[in-house]
Amino acid sequence: MSFGERLYKLRSEKNISQEELAELLDVSRQSISKWENDKAYPEMTRLLFMSDYFDVSLDYLMRGVEDEGSEKEAAVTYKSKNLLAVWNNFISNLSAKQRKMMMFLYVVVVCACIALIYAFMYGVGYAIGQLIQNITNDLNL
């Protein structure tokens, strides 16, 4: 099985179109078609992204080699040691529209975290105030 056939198989299993994959990788649909027809190959950063996205090793993606035992160990090591690199790769492959959506998501998450912290601190402050008031009332009796 060739690289193009494996890519087609993986894409079909994920049930995504060439256009959807092209948008994820920030390339044209024609590029995906060329890769699937073995007329061209993607660059390394896109291969790494596809490897992570389809949850397969680069060996499988490029050569069709499947080694169950060491592949799982390597995947865990790869993911734990290079999580930031994978994240940066993911972000760099986003389209402008996807980056805007990601920034919006960041803002929403940060605002939600600030609201939760504020609510927690307000609740704790209120409880401490009630405790102090109860102690003061008990001492005045």
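Modeller: The following account takes the aromatic pairs in turn. This is a predicted model, in which local features need pLDDT of at least 70 and side-chain atom pairs count only at pLDDT 80 or more, whereas totals for chains, interfaces and linings use all residues. Residues are numbered from 1 along each chain as its sequence is written, and side-chain values use heavy atoms, with hydrogens and water left out.

A pair of aromatic rings is described by the distance of the centres and the angle of the planes. Rings of Phe, Tyr and Trp (its six-membered ring) pair if their centres lie within 6.5 Å; planes under 30 degrees apart are stacked, over 60 edge-to-face, and the rest tilted. The count by this rule is three aromatic pairs. In one of them, the ring centres of Phe49 and Tyr53 are 6.0 Å apart and the planes meet at 15 degrees, so this pair is stacked. Both residues belong to helix α4 (residues 44-53), four residues apart, about one turn of the helix; helices are DSSP runs (H or I, at least four residues), numbered from the N terminus.

Tyr53 also pairs with Phe54: their ring centres are 5.1 Å apart and their planes at 75 degrees, so the pair is edge-to-face.

Phe49 is buried at 7% relative accessibility, and Phe54 is buried at 8%, while Tyr53 is partly exposed at 25%. Buried means under 20% relative accessible area, exposed over 50%, and partly exposed in between (1.4 Å probe, protein chains only).

Conventions
Helices (H or I, at least four residues) and strands (E, at least two) are DSSP runs, numbered from the N terminus.
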